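Hi everyone, thanks for making time this morning.

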Amino acid sequence: MTGPLGKDLLGLESLSGEQIRLILDTAEPFKEISERAIKKVPTLRGSTIVNLFFEASTRTRVSFEFAQKRLSADAVNVAASGSSVSKGETLVDTARNLEAMRIDMVVIRHGASGAARFLAERIESNVINAGDGTHEHPTQALLDMLTLRDHFKRLAGLRICICGDVLHSRVARSNMWGLQKMGAEVAVCGPRSLLPNAIDEMGVTVFRHIEDAIQWADALNILRLQLERMQGGYIPSLREYNRVFGVSSERLNRAPKDLLILHPGPMNRGVEIDSDVADGPHSVILNQVTNGVAVRMAVLYLLSGGKPELAEAAKGGGGR
Amino acid sequence: MTTNALLLRGGRLVDPSQGLDEVGDLLITDGVVEAIGRVGEVRRDGNALETIDVAGRVVSPGFIDVHCHLREPGREEVETIATGARAAAAGGFTAVCAMPNTDPVTDNQAAVGFIISQAKRAGGSKVYPIGAISIGQLGETLAEFGEMIGAGAVAVSDDGKPVVSAQLMRTALEYARTFGIPVADHCEEPTLAMGGAMNEGVMSARLGLRGIPAEAEEIMAIRDILLARRTGGHIHLCHMSTKGSVELIRWGKERGINVTAEVCPHHLSLTEESVEGYNTNAKMNPPLRTAADVAALQDAVKDGTIDVIATDHAPHHYDEKERAFADAPNGIVGLETALSVNLTWLVHRGTLDVPTLVEKMACAPARIFKLPGGSLRRGAPADVTVFDAEVAWTVDPARFRSKGRNTPYAGMTLRGRVDCTLVDGRVVYRRGD
């Protein structure tokens, strides 16, 4: 059964602004479920979902699991690993085996860009991309957008700067596409060695100095700096990174207005973000985590064929 | 059954080696070209004379592919010398040069001899081995060029393993000069290209795939050209893919440096857009580039900056390409689509005429690699390709003679295809057989 999003959620580049709005709107009524004493509705009762994680993940996997459990789906976690080549072989065989077990949905996290699409093209089940290589991480960007919308009551016209390692970030790509489709202005700021060479052709503003980005933006989405980037020779040291690109309260205090602070986690305190910013009054980092469950419930619901206008009623058990 | 005499009647005889482009007959006797002439001029003078009507077809010197991978020894499940030589024949190639990235590496006279002996039994196109530059393609110790040439090698190359050491490349050029053979190099600066899966640009940024910048090729191309200038050796640059490389080759040729270059049909026809959807059959190294690169390469073929078109035929097993993009191997099959792709994108779109295409696929390869063939002159070996330059057909990889099915042209309708291929006067391929 194909819903308003199509069979799969592979990325935000291929979605329309209308479809993104639909997911965010559908997430609204699902927020409330997590606030109840008994956090469970029967919406996806009888659905079988596999969480197929080829890369270690705590936050995203747990968030998907809670979303599934709170919707009463039957979920199984599969943690797979292997060498670069065996990953690919495993993927084909895993896809066929899963299909043979008559499942309804797969949530996949994989280290290779395009892996979610690869799987989606080979099985009939719905596929949700929970992060593929350096390509996309659509539910992360959706929860970022929901958090921004909660605060600003709109996305159109907002100025969002994505800070840090854009080159290797699937979160950055999904946010760039999603925010632009929703009418926001997107900028990036980071060392040129951690931005794609073709960034100037991707419809975003590029700031060389974090101070300029802070002057311009309404919100910063601060990416995690993977420690292996330093070993890979992209930057000379974490110390210098913090001094040149780190977001500190000292820098934020010079902004003309208060900036909303987002971070997809996990944070390197004292590297890309200082603790007083992460824990400060304008940080919505934990709101992001809370919204993650609601957004993932919305995605699960819509892909399973749920009617968006019935999301409120669906919480009681009908609507599929 | 061997045919002592064979008449190809009424074809369009195209042979740039002697400035020939006219309708006529071609008479082959005992494996060599006996006579060419206008229709009817050549009379049948013996009872055993067999005739093939080739009216409306182009009759050209057999194509020669100076760059292919036949996978034997080592990966016989993917291709063998026999299947490769038959695929070559089906693509109109009367000779192919086999790269040394076999297992074990073709880096000694015995390995060269093995390929020659397998090729003799194959019954397809001729196969000329290319020996490795360094032992084991490791880029350390020079292989025995002289011994390998003695056994039948026609060139040396470390193929997909770029010769990183400039000093080793210098020595190879000097040493190869002794024997008058080209040194063929896969130009790739390894630290820039490391981990790359496609062309570096907007497309790679969008898809989240690590890119290979054009400069990875160009830096090595100019290094090789400069070393050829220093040594006087013959550098042959494999599968050039960028506009910048074209400019560097032009620079070298203008200065009289002994540099020749090849380009592949896929780099003359497709762009990085083919990778969309993580299509592993559009993954090769060097990668598909941009429309500006394709245009520059087409112009370079036309103006002579690029000398030959070679396939870089690289069969892979279906399972190997059935992977996430970054994990899939590089390479596509090319022998059975090369002519059609070149006709479709170069001739029918007005960039090249048929004689120039024949020059790039038959005459120039023979000249540059000093191989027999590449001509329909009287007395030349009767290595002949007969093709229909117009007919439209749809590529169905299941019908390939190659074991490889990995092609980005699957399902595409191309124009022009091979009807008949003759090696030493013997029909090695005839469409419909």
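Let's start at Leu297(B). Leaving aside neighbours within four places in sequence, Leu297(B) is in contact with Met240(B), Val246(B), Val263(B), His267(B), Leu268(B) and Ile306(B). By contact I mean that the C-beta atoms of two residues, placed from the backbone, lie within 7 Å. Before going on, a word on the source: this is a predicted model, where local features need pLDDT of at least 70 and side-chain atom pairs count only at pLDDT 80 or more, while totals for chains, interfaces and linings use all residues. Residues are numbered from 1 along each chain as its sequence is written, and chains are lettered from A and ligands numbered from 1 in the order in which they are written.

So where does Leu297(B) belong? Together with Leu26(B), Cys97(B) and Val156(B), Leu297(B) touches the most other members of the largest nonpolar core, which has 120 residues. A nonpolar core here is a set of buried Ala, Val, Leu, Ile, Met, Phe, Trp, Tyr and Cys residues joined through C-beta atoms within 7 Å. Buried means that 20 or more other C-beta atoms lie within 10 Å of a residue's own; with 12 or fewer the residue is exposed, and in between it is partly exposed, again with C-beta atoms placed from the backbone. Helix H13 of chain B, residues 354-368, gives this core its largest share, eight residues. Helices here are DSSP runs of H or I with at least four residues, strands are runs of E with at least two, and both are numbered from the N terminus. Domain 1 (5-59 + 381-430) and domain 2 (62-368) of chain B each bring at least three residues to this core. A second, separate core of 112 residues includes Leu143(A), Leu195(A), Leu220(A) and Val277(A).

Is Val275(B) buried or exposed? Val275(B) counts as buried, because it has 25 C-beta neighbours inside 10 Å. Val275(B) sits in the loop between helix H9 (265-269) and helix H10 (291-303) of chain B. Beyond four places in sequence, its contacts are Met198(B), Met203(B), Leu207(B), Ala282(B) and Leu288(B).

Among the buried ones are Trp345(B), Asn342(B) and Leu343(B).

Now for the two domains of chain B, whose bounds come from an automatic or database domain assignment. Their C-alpha centres are separated by 26 Å. The contact between them takes 30 residues from domain 1 of chain B and 45 residues from domain 2 of chain B. On the domain 1 side, strands S16 (384-394), S17 (413-423) and S18 (426-430) of chain B each supply at least two residues, and S17(B) gives the most, with seven.

Over to chain A, which has 13 helices and nine strands. Its radius of gyration, taken over C-alpha atoms, is 19 Å, close to the 20 Å that the globule rule gives for 320 residues, so chain A is as compact as a globular protein of that length. That rule is 2.2 Å times the number of residues to the power 0.38. Of the 320 residues of chain A, 48% count as buried.

Chain A is divided into domain 1 (17-136 + 292-314) and domain 2 (139-287). The contact between these domains takes 17 residues from domain 1 of chain A and 15 residues from domain 2 of chain A. Which element gives the most to the domain 1 side? That is H1(A), with five residues. Within H1(A), buried residues include Ile20(A), Leu24(A) and Phe30(A). What covers the buried residues of H1(A) includes helix H5 (138-152), H6, helix H12 (285-303) and helix H13 (311-314) of chain A.

Last stop: where the two chains meet. The contact takes 25 residues from chain A and 14 residues from chain B. On the chain A side, helices H3 (84-100), H4 (115-120) and H6 (170-181) each supply at least two residues, with the largest share, seven, coming from H3(A). That's my tour, and I'm happy to go back to any part of it.
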